[in-house]
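I opened this notebook to record what I looked up in the structure. The entries follow the order of my reading.

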Amino acid sequence: MPQMKQLKELEELEAAGPAAKYDFFVQWHLTERCNLRCRHCYQADRKETPAGVDLSLKEIGRVIAEISDTLGSWAKNYQMDFSPSFNITGGEPLLRADLFDIISEARAQGFDVFVLTNGTIINRQRARALVNAGVRAVQVSVEGPEEVHDSIRGRGSFSQAMWGVKNLLGAGLTVTLNSTLSSLNAGRMPEMVSLALGMGVQRLGFSRLVPYGRGSGLIREMLPAGQVKKLYETLLSLEIDGLEIVTGDPVASQMSIKNHPDAGCTAAGGCAAGISGFTILADGAITPCRRLPLPLGNIRTDSIRQVWATSTVLGALRDKSRYGGRCGTCRRWATCRGCRAIAYAYSMSRGEADFLSEDPQCFIEQDEETETAKFLPSLK
Amino acid sequence: MIFCFLGRKLDIPDVPDSILKTTGKEVTGVKKVKALDSRTLEKEAIFWGNLKRQLKENPVKICRK
């Protein structure tokens, strides 16, 4: 009796009372068009679509309203208190002539808006327009000092990005510099800290290379797990006045939690895929994550609520028993799940294409095993 | 525009607004949002119910930048 089961769920939810604010975000790639051709771009597998394929401003307005209605229904039915937001990106989102109208519409519907950009075409007027539209913060991708950055993103792109950062800061915006970590730049990260301080940005962030799209050619540049660990330990332990070190990496989020208890089989933290957001691509395709290109439907034809509840891909992402390797047996699974995009891209490079395989760069569980092994002899 | 960076004077040419020409095109009349059936509603209730319980018992942070 499905309806009785559902009723019981709702009664239990009501008894539980309102939850704390739940961060729910949609990453929206407004266009595939870009003025750069970065060596590591995960988007580049998608053909740069002609502008006419992108969702129109009118369609985007309808989608924003649908997402708002969906969150409203979930909030009402399940007493969830959401903190909703959009990460607006591309391609290069500043290439959309109607970007500022889109941001204004999202703000008007109650969403926080963050913009992810390469920074290279942000003049003073556009920086001010971002402020006026209500953008909360801007992330600019910077891969290292000039010669490293230009070798990855193209000659001259570093100077242009710094010019954009200066204009953003001049307009009063909060700016994050974000680097994608690989062997191409790992040794130069201390210089990134100096650069961030020198530019006066508020945050410095790190992601790991996803060997997908054009980035699939950099599979050999993925860092070994031990090197990722050392880098994160160094970078995340920095305490610098006025500069926050951040990362969206679920594995990094585990570093501060020692002796993690078994968190069970309900995913609720770490990787956001399938539990606290989704991605919309320029042509309306819906995917679990910006870097995990598994189509769940299309926003032009499919209902978000229907997709969220019934997608088999999302169902698998939420099911621990479906996971392979160390992730499938990890007691941190519910609060981490590793990076599903890296797991997928890496397994694909080995001919398996399994988005539920283990995160090949995870070092956490290995550490705990090592610590246990060290402890065991003293018990004998 | 002259931009000073690390003691160097860089001449960054301003980017004309003509580069901002991408806009989308509306595809009309294809989306039909139907009312959710009871099976879908049940799945939805189970998802949010489980998540809410987990958040209450084991508050954790979602990773995002």
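Buried area is the accessible area (1.4 Å probe) that two parts lose on being put together, summed over both. I looked this up because the size of an interface is often given as the accessible area lost when the parts come together.

**Provenance.** I note that this is a predicted model, in which local features need pLDDT of at least 70, side-chain atom pairs count only at pLDDT 80 or more, and totals for chains, interfaces and linings use all residues. Residues are numbered from 1 along each chain as its sequence is written, chains are lettered from A and ligands numbered from 1 in the order in which they are written, and side-chain values use heavy atoms, with hydrogens and water left out.

**Interface.** For chain B and chain A I read a buried area of about 5900 Å², with 60% of it from carbon and sulfur atoms. In chain B, 50 residues are in contact with 89 residues of chain A (contact means heavy atoms within 4.5 Å). I found three salt bridges between the two chains (a side-chain nitrogen of Lys or Arg within 4 Å of a carboxyl oxygen of Asp or Glu). One salt bridge joins the side chains of Glu44(B) and Arg305(A), at 2.6 Å from N to O.

**Helices 2 and 3.** I took helices (H or I, at least four residues) and strands (E, at least two) as DSSP runs, numbered from the N terminus. In chain A, helix 2 (residues 57-78) packs against helix 3 (residues 99-108) at about 20°, with the axes 10 Å apart; axes are lines fitted to C-alpha atoms, for helices over the stretch in contact, and angles run from 0 to 180 degrees between N-to-C directions. Helix 2 of chain A is therefore roughly parallel to helix 3 of chain A (angles under 35 degrees). Leu57(A), Ile60(A), Gly61(A) and Ile64(A) of helix 2 touch Asp101(A), Ile102(A), Glu105(A) and Ala106(A) of helix 3.

**Helices 3 and 4.** The axes of helix 3 and helix 4 (residues 124-133) of chain A come within 8 Å and cross at roughly 20°. These two helices of chain A are therefore roughly parallel to each other. From helix 3, the contact includes Leu99(A), Phe100(A) and Arg107(A); from helix 4, Arg126(A) and Leu130(A) are among the partners.

**Backbone.** I recall that most residues other than glycine have a negative phi, and most peptide bonds are trans. Gln79(A), not a glycine, has a positive phi of about 50°; Gln79(A) lies in the loop between helix 2 and strand 2 of chain A. The peptide bond from Gly90(A) to Gly91(A) is cis, with omega near 25°. Gly91(A) sits in the loop between strand 2 (81-89) and helix 3 of chain A.

Terms used:
Parallel < 35°, antiparallel > 145°, perpendicular 65-115°, else oblique.
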